[in-house]
Each structure stands twice: as structure tokens, then as C-alpha cells.
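Subject: Structure handover

Hello,

I am passing the structure on to you, with the sequence alongside.

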Amino acid sequence: MTSRKQFDQELASLKLNLVQMGDLVIRHINEGLDSFVRLDVDLANQVIISDKAVNEYEHSIEKNCLGIILREQPVASDLRLITAVLKMITDLERIGDHAADISKMALFMEKTQTYYRVDDIFGMMNVCQEMIRHALESFVASDLVLAQSVISADDTVDHLFEKTKKHVANALRNAAVDADYAIYLMMVAKYLERIGDHAVNIAEWVIFSMTGEHV
Amino acid sequence: MNTFDVRELVLTYDGKAALQHVSMNIIPKQVTALIGPSGCGKSSLLRCLNRMNDLIDGCNVEGEILFHGENIYAKNYNVYELRTKVGMVFQKPSPFPMSIFDNVAYGPRCQGINDKKTLENIVKKALVDAALYDEVKERLKESAMALSGGQQQRLSIARTIAMQPEVILMDEPTSALDPIATGKIEELIFDLKKHYTIVIVTHNMQQAARISDYTAFFLMGNLVEFNTTEQIFRQPTQAKTEEYITGRFG
């Protein structure tokens, strides 16, 4: 087989950068929710500042993709791979924004705010992080089944979101939670629900890169 | 009805197989690109379509090529008539050492058309269709040898069109041209397919992707894959096709 060593190295490096970008946004989701729960303003600010690094990843990967298109004029699986990467970085960047949005909730709240724990929000976060991780793993390993499992997992996120809504509504009725806090809680849950949707988008592009069909 | 139906075509040169049981169709008023590495048989197939291989010693053809349902390799098939309907443009432009006008009028004159007005009309229409008329209309009596490479190739196309063919076969028509002249020929092919069926052999993968509707990939005399060009370049079904078009093939 003829070697396209340089080109293959560029594609491998593209995948590596995408995974690194994914790792960063997964960390930001964790830290964003942590800053909200603990009302940790310093951590919240760190996440907001660090989101710029996510944006830089997006620009750098986009630039690399355009460079490869220009130099290599890719076709078939190479073209699908680069198209998928270009689409996936947009979703990862949006996930990064939502992680920063969650952190911003910590900044809006009063220091004296009473913490009210809703376990399902943590459940949503765990499932979302796993979805992103699996979507990227499925891309690197060309694992169609794993990519499809990410799409299915979104039902769990949606289910937990519905449960959270009911939980918070009940807590409001019983005056167990402050109204302002309940609004912030619901916003955090909504951001997580959107993160799940973006993870699904990523998985769909993984499937496209393998099959040529965008589901 | 397909323009050509190639059925189980086996082509040998001195007993050595150049094409092995190739079956495919050429669809009317579409551009079909034949791609593959050197020696894969794509040019041999192209030459079979107007029986140019008849001129090669030791060449033997088995199977059938139907042109509108008629086997062109049948006994008593009128090859001369076939070649007027199925014209060919070669890799290197080959103007005759005569004027631009006479180059284009050569074929019609051979067919016995000598009326001045009729010839003028044929030549003008052929040059217009080949997107060359505006560039040469003031110097039709000048030698064709003075034209640039790209113009000479469009003149070759005009000469083919002047015979009012139905099919134009092109064997790497832009491989000797610069990118601007190549672009003009590609635009021309795009216009020509409104009226003609085109089969083109090209080594330029991007060109096949740009200008053709269907693509056939050949390897060592075998047709590996034949599909719409979009399908071939987006999601080929055969691993060999994928390897070749992505440049990972040896």
C-alpha cells in the first residue's frame, strides 16, 4: 500500500486534538457544577476563563481541517472524517459554553443561599460526561455500536431532566427551596439537557464518518 | 435505453488479458469517468467503444458491446458509421497542418459535404459548441498550429462535434494542459453533456469528481466498482476503490 504518512499523521493529530478538546469540556462540566453546588466563585471564574482554551481548540482544529482540505483535497473516508471533525468541534464548543453558563449561576447567587440538593442533576452530569467520552472514543476506535449507544443514552438524560423538573416544582410547592435558587437549579438542569443533545450530535457525526449517512 | 451496454467484455492483446469480464452501462447525456492506475484497462475499454482497438495487431475481443441494443462487434456491423456517431478526443491535441476552418471541415468534407454555406454553418456551430469560436472567428483561415495547447484541444473537440456524433470519448483530454485551459475544457464538458453522451478517461481524481455523473474504477483489467460519482467519492463500497481514490494504494 502506498504511504500517505504525512497525511495520516495529520489525521491522527486532528483526532488527538479533538479528544483533548473533549477532555477539557468534560472537566469544565464537572467543575462548573461543582462551583454551582459549593458556590465557589473562584472555581466558577476559572471555568469561565478556561472556556477560552476550548474556543482556541476549536479555532486551531478548524484551521488544521481547512489546511488539510486545501493541501490534500480529501475524498471518501478522509473527506467524511474531516467534515465530521469540523461539525463536532462546533458541538464541543457549545458544550464548553454551557459548562461556563453553569459556572455563571454560581456568580449570580448570594453567598448566603441555602443549598438544595437534587441528586438527579448529578445523574444528568454523569450521563452527559459519559456520552461525550463515548462519542469521542467511538470516533477514535471507529466503533459504530458505541456511537449508537450515545444516542440512546440521551433518553436517560431527558428522563432525569423531567424528574428534576418535578422534584423542583414539588420543593417549591412545599417551600423547601428558595424561588431564586429553584430557577438557577432548573437553568443548570436545562444546560445539562442541552449538553446531552450536543453529545448526540457528536455521535451522529461519528456515525456519518463511518457510514456516510447522517442519521 | 442505455447508450452502451457492455456485457462480459474480455479484451486480450496477444493472449494477455487487458479487460476481464467487464459489464457496465453508459447512460445517455451523462458524463461517465473511467479511473484507475496505469494499465488497469480504462483506455482499452474506451477504445473498444468505437472499435479503435481493431487497429491494433493481436487484439481480440469477446463478449458484447451494445450500442443502442446492437452489438458493435457483430459481423457486418458498420464500423465507419459507428465512428461518426462515437467520436474521440485524444490526450494530445492533434490539429492537422491546415487552417482552423479546414480542420473542423475535414470530417464533413470526408462525408461528401462540399457546399460552402453548409460547411460554414457546420464549422461555426462546432466552434461555438466547443467554446472556441469567439477566440478564433477573426482568423479561421490561419493555421491551427498557431493555437495554444488549450485552444488546439478545443479545436479537436470542435472537429469531433462537426461530425454530429452522439457520444464523445475523451482519453485524458486535459493531461497536457495548464489549469486555466483545463478549466475551460471542464466547463465545456459540462455544457456538452446537454447534447452528447461523454465517456472520459482521467488520471485526475478531482476532475472525475468535478465533471462526471458516473464513475467506474478499474484495476488490473477488472471493473472494481461502478456507481454515481457522488457515491464513489463519498462512500465507495469496495475497499480497493477507497484505497485508490484516497491515495493509499500501491
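Please keep in mind that this is a predicted model. In chain B, six strands make up an open sheet with mixed pairing, and their order is β6-β7-β8-β3-β9-β10. The edges are taken by β6 (86-89) and β10 (222-228) of chain B; each has a single partner strand, so one side of each is left without a neighbour in the sheet. On average, neighbouring strands of this sheet are turned by 15° against each other, direction ignored.

B:Leu219 has B:Asn222 in β10(B) as its bridge partner. Helix α6 (residues 149-161) of chain B packs on the sheet and touches β6 and β7 (167-171) of chain B. The direction of helix α6 makes about 170° with that of β6(B).

One residue to look up is B:Ala18, which sits in strand β2 (residues 16-26) of chain B. Is B:Ala18 buried or exposed? B:Ala18 has 22 other C-beta atoms within 10 Å, and the cut-off for buried is 20 or more, so this residue is buried. Leaving aside residues up to four places away in sequence, B:Ala18 touches several residues, among them B:Leu11, B:Tyr13 and B:Gly221. B:Gly39 is 21 residues from B:Ala18 in sequence, and the two are 7.9 Å apart in space, C-alpha to C-alpha.

Last, the two chains. 15 residues of chain B are in contact with nine residues of chain A. On the chain B side, α8 (205-211), α9 (229-234) and α10 (239-245) each supply at least two residues. That side divides into six nonpolar, five polar and four charged residues.

Regards

Key: Residues are numbered from 1 along each chain as its sequence is written. Chains are lettered from A and ligands numbered from 1 in the order in which they are written. This is a predicted model: local features need pLDDT of at least 70, side-chain atom pairs count only at pLDDT 80 or more; totals for chains, interfaces and linings use all residues. Helices (H or I, at least four residues) and strands (E, at least two) are DSSP runs, numbered from the N terminus. A residue is buried if 20 or more other C-beta atoms lie within 10 Å of its own, exposed if 12 or fewer, and partly exposed in between; C-beta atoms are placed from the backbone. Two residues are in contact if their C-beta atoms, placed from the backbone, lie within 7 Å. Ala, Val, Leu, Ile, Met, Phe, Trp, Tyr, Cys and Pro count as nonpolar, Asp, Glu, Lys and Arg as charged, and the others, Gly among them, as polar. Two strands pair if DSSP finds at least two bridges between them. Axes are lines fitted to C-alpha atoms, for helices over the stretch in contact, and angles run from 0 to 180 degrees between N-to-C directions.
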